[in-house]
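Welcome to this short tour! Open your viewer, get ready to select residues, and follow along from stop to stop.

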Amino acid sequence: MEEIINKVANSALEVFDLEDYYPKGMRVQIDISQWLLEGFLLKEKDFREHLKNHDWSQYQDQYVAVHCSTDAIIPAWALILVSVHLAPYAKKVVNGTIEDLDSSLYEEILSKIDYSVYKSKPVIVKGCSRKPVPMRAYILAANYLQPFARSIMYGEACSAVPLYKESKK
C-alpha cells in the first residue's frame, strides 16, 4: 500500500483565513425607529427622553450597529446622539447593519497586518467560514495581498479559483 502524501501541506501555498482575524465579542443592532413617533417621525423632545431613559449599560463591551428599519428621514444629529450615549459602554459603534459593523471591524484589523510575509508566495484566501465574514473583508484582503503575493486564489486548496497572478517582469 502506498503512503498517502498531502501535497497541499508540502506546497509553498500560504492560506490566508479571514476567520482567524474575526474579532470576538457580541454584536447587536439597535433600531432607532422604536424611539420615533409611529416609527417615522422624530420629535426631538420625546426622542431625547427615550434616550435618557434607555439602559445603555446593556451594551457593555459589545459591538453595536445603529440603524433605522423604517423609511424615516433621520437628521444626522440623532444618530450621533445615540452614539454619544453608547460611547461609554460599547467597544465600537457604527451606523448601519451588523454586516456594516463587521466590515468596519475588518477594515481596522486588515489595515494593521504585515503582508510582507506573503512576499513572492502563492496565497489562497480561504473561502469557507463558519463565522459571518463580510464580502468587503475578502475584497480588502485581496487588495492588501496583491502587492506582495506571487498569486492569489480564492476557495479551498482542492478547488481554488485564480484571482491574480504576478506579471513576469
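A residue counts as buried when its relative accessible area is under 20%, as exposed when it is over 50%, and as partly exposed in between. Keep in mind that this model is predicted.

**First stop: two tyrosines.** Select Tyr-22 and Tyr-106: both are buried. Next, look at where Phe-16 and Tyr-21 sit. Their rings form a stacked aromatic pair, 5.5 Å from centre to centre with 25 degrees between the planes. Now go back to Tyr-22 and Tyr-106, whose ring centres are 6.4 Å apart and whose planes meet at 50 degrees, so this pair is tilted. Tyr-22 belongs to the loop between strand S1 (14-16) and S2, while Tyr-106 is in helix H4 (residues 98-110), so the pair ties together parts that lie 84 residues apart in sequence.

**Next stop: an aromatic cluster.** Is Phe-16 buried or exposed? With a relative accessible area of 0%, Phe-16 is buried, whereas Tyr-21, at 27%, is partly exposed.

**Next stop: the surface.** Select Leu-37, Phe-40 and Leu-41 to see a nonpolar patch with about 300 Å² of accessible area together. Leu-41 is found in the loop between strand S2 (27-31) and helix H2 (44-53), and its relative accessible area of 47% makes it partly exposed.

Look in the loop between strand S3 (63-67) and helix H3 (76-86). Which backbone oxygen lies 2.7 Å from a polar atom of the Thr-70 side chain? That oxygen belongs to Gly-39. Leaving aside residues up to four places away in sequence, Thr-70 touches Ser-33, Gly-39 and Phe-40.

Methods:
Residues are numbered from 1 along each chain as its sequence is written. This is a predicted model: local features need pLDDT of at least 70, side-chain atom pairs count only at pLDDT 80 or more; totals for chains, interfaces and linings use all residues. Side-chain values use heavy atoms; hydrogens and water are left out. Helices (H or I, at least four residues) and strands (E, at least two) are DSSP runs, numbered from the N terminus. A polar contact is a pair of N or O atoms within 3.5 Å; within protein, one must be able to donate a hydrogen and the other to accept it, and residues adjacent in sequence count only if both atoms are side-chain atoms. Contact means heavy atoms within 4.5 Å. Patches are made of residues with over 30% relative accessible area and no salt bridge: like charges are joined within 9 Å, nonpolar side chains (Val, Leu, Ile, Met, Phe, Trp, Tyr) within 5 Å. Accessible areas come from the Shrake-Rupley method with a 1.4 Å probe; for residues, only the protein chains shown count as cover. A salt bridge is a side-chain nitrogen of Lys or Arg within 4 Å of a carboxyl oxygen of Asp or Glu. Buried means under 20% relative accessible area, exposed over 50%, partly exposed in between (1.4 Å probe, protein chains only). Rings of Phe, Tyr and Trp (its six-membered ring) pair if their centres lie within 6.5 Å; planes under 30 degrees apart count as stacked, over 60 as edge-to-face and the rest as tilted.
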